[in-house]
Amino acid sequence: MTPAFELWVYLSSTPLLWLTVTLIVWIVADRIALASGRHPAVNPVLIAIIVLGAVLILTGTSFATYFQGAQFVHFLLGPAIVAIAVPLYRNFDKVKENLLPMAAALIAGSVTAAVSALGIAALFGVPDPVLASLAPKSVTAGVAMGIAERFGGEAALTAVLVVTTGLVGAIIVTPLMNALGLRDYAARGFAAGLAAHGIGTARAFVVDEVAGTFAGIAMALNAVVTALILPLILYWFLA
Amino acid sequence: MIEAFALLLLCQLAGEVLSHGFNLPMPGPVVGLLLLFAGLFAAQKFVSVTPQSINDTLLGRATGGLLQHLSLLFVPAGVGVIDHLSLVNSYGPVLFLALLVSTALALAVTALVFTGVKRWQSGGRSS
């Protein structure tokens, strides 16, 4: 072994290397998004995932090795969700004004998200276990995987579909809302959190604090509502 | 900074205990969110915390910083998706079409129902 290769073998197996790489790739991706004026199509999460994925493939690094470093970033998701309590507390008057719109939008959006995805997939003859994996795609990953498994789906496939849905939602929400002429940041944020869970909520917080707050509420409520109504909807779609 | 972070972790820990202990349909961090929210309301009776001043507190600054960078926190899980792309197999294009159309529909329906009900509500109040 050459000294350089020995050093690589050592470094590539420590958490330090992959944590540092994750943060640097993120900083570059976020600068690119900033330089585009936060254009919705230039999504820093998507850029970072593609670059890091390419780096792992090119260096022959397994996800398990990568995650030893990246887990420190991943871990912060939990406290970050708890942190949404603060903007919720700050904007609670605005939330109280919108209880009825939120309740109606929650039911309508939750049913639409599940029925439209299942309808299209069923039309193309997608088999039952894959349908069950797809159904909770708009729900935050941990809850979605639990729901999918209960109906014979595959948790890992659900995770892939959930993250993809989040990225798609975060990218299309701004142009879609502009096209519909919707300027109410409460409504826009609520839609982002409902349809695209945490990744949509993250996008909403970048745009506006009120939008982020409503997105966080929608994400939390949709996890509960989907868990309750999905059994009824799947009953119609699964043979 | 450390106090704020410890408080967030404490809420999450209590949330996990409740979520798993009672088999709640909400994940631990979401229960933790509700606990912290309830805690803030309880706290304003004893200390000078208000919705207007919360952003200037240690907790306000720490949470503000964390939420500004919420997107970063999804990157490791996203990289995990690349590792599992082989699972998508031959149904990949159909599944992508389904979730693209469905996400657009869910976004539109949610936002339109929200603003529609809000307009109906304020119309009903003024008449």
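Tutor: Let's begin where the chains meet: 67 residues of chain B are in contact with 90 residues of chain A. Keep in mind that this is a predicted model.

Student: Ok, and which helices of chain B each supply at least two residues of the side that touches chain A?
Tutor: That would be α1 (2-21), α2 (28-43), α3 (58-68), α4 (75-83) and α5 (92-126) of chain B. The largest share comes from α5(B), with 24 residues.

Student: How do the residues on that side of chain B divide into nonpolar, polar and charged?
Tutor: There are 50 nonpolar, 15 polar and 2 charged residues on the side of chain B that touches chain A.

Student: Let's zoom in on α3(B). Which of its residues are buried?
Tutor: In α3(B), the buried ones are Leu59(B), Ala62(B), Thr63(B), Leu66(B) and Leu67(B).

Student: Why do they line one face of the helix?
Tutor: Look down the axis of α3(B): its buried residues fall within an arc of 125 degrees, so they line one face of the helix.

Student: And what do those buried residues pack against?
Tutor: From chain A, α5 (77-83), α6 (85-90), α12 (185-207) and α13 (209-237), together with α1 of chain B.

Student: New topic: the largest nonpolar core. How many residues does it have?
Tutor: The largest nonpolar core has 117 residues. Those with the most contacts inside it are Ala85(A), Ala117(A), Leu134(A), Phe190(A) and Val75(B). Helix α11 (residues 155-179) of chain A gives the most to this core, 14 residues.

Student: Val75(B) is on that list. What is it in contact with, leaving aside its neighbours within four places in sequence?
Tutor: Residues of chain A: Thr22(A), Trp26(A), Val45(A), Ala48(A), Ile49(A), Leu52(A) and Val73(A).

Student: How is chain A divided into domains?
Tutor: Chain A has domain 1 (3-75) and domain 2 (82-237). Their contact takes 6 residues from domain 1 of chain A and 7 residues from domain 2 of chain A. On the domain 1 side, 4 of the touching residues are nonpolar, 1 is polar and 1 is charged.

Student: How far apart are the C-alpha centres of those two domains of chain A?
Tutor: They lie 27 Å apart.

Student: What about the domains of chain B?
Tutor: Chain B is divided into domain 1 (1-80) and domain 2 (84-127). The C-alpha centres of these two domains of chain B lie 27 Å apart.

Student: Last one: what pLDDT does chain A average?
Tutor: Chain A averages 93, and 99% of the residues score at least 70.

Key: Residues numbered from 1 in each chain as written. Chains lettered and ligands numbered in written order. Predicted model: local features only at pLDDT ≥ 70, side-chain atom pairs only at ≥ 80, totals over all residues. Domains from an automatic or database assignment. Contact = placed C-beta atoms within 7 Å. Nonpolar A, V, L, I, M, F, W, Y, C, P; charged D, E, K, R; others polar. pLDDT = per-residue confidence, 0-100. Core = buried A, V, L, I, M, F, W, Y, C linked by C-beta atoms within 7 Å. Buried ≥ 20, exposed ≤ 12 C-beta atoms within 10 Å, placed from the backbone. Helix = DSSP H or I, 4+ residues; strand = E, 2+ residues; numbered from the N terminus. Arc of directions from axis to C-beta.
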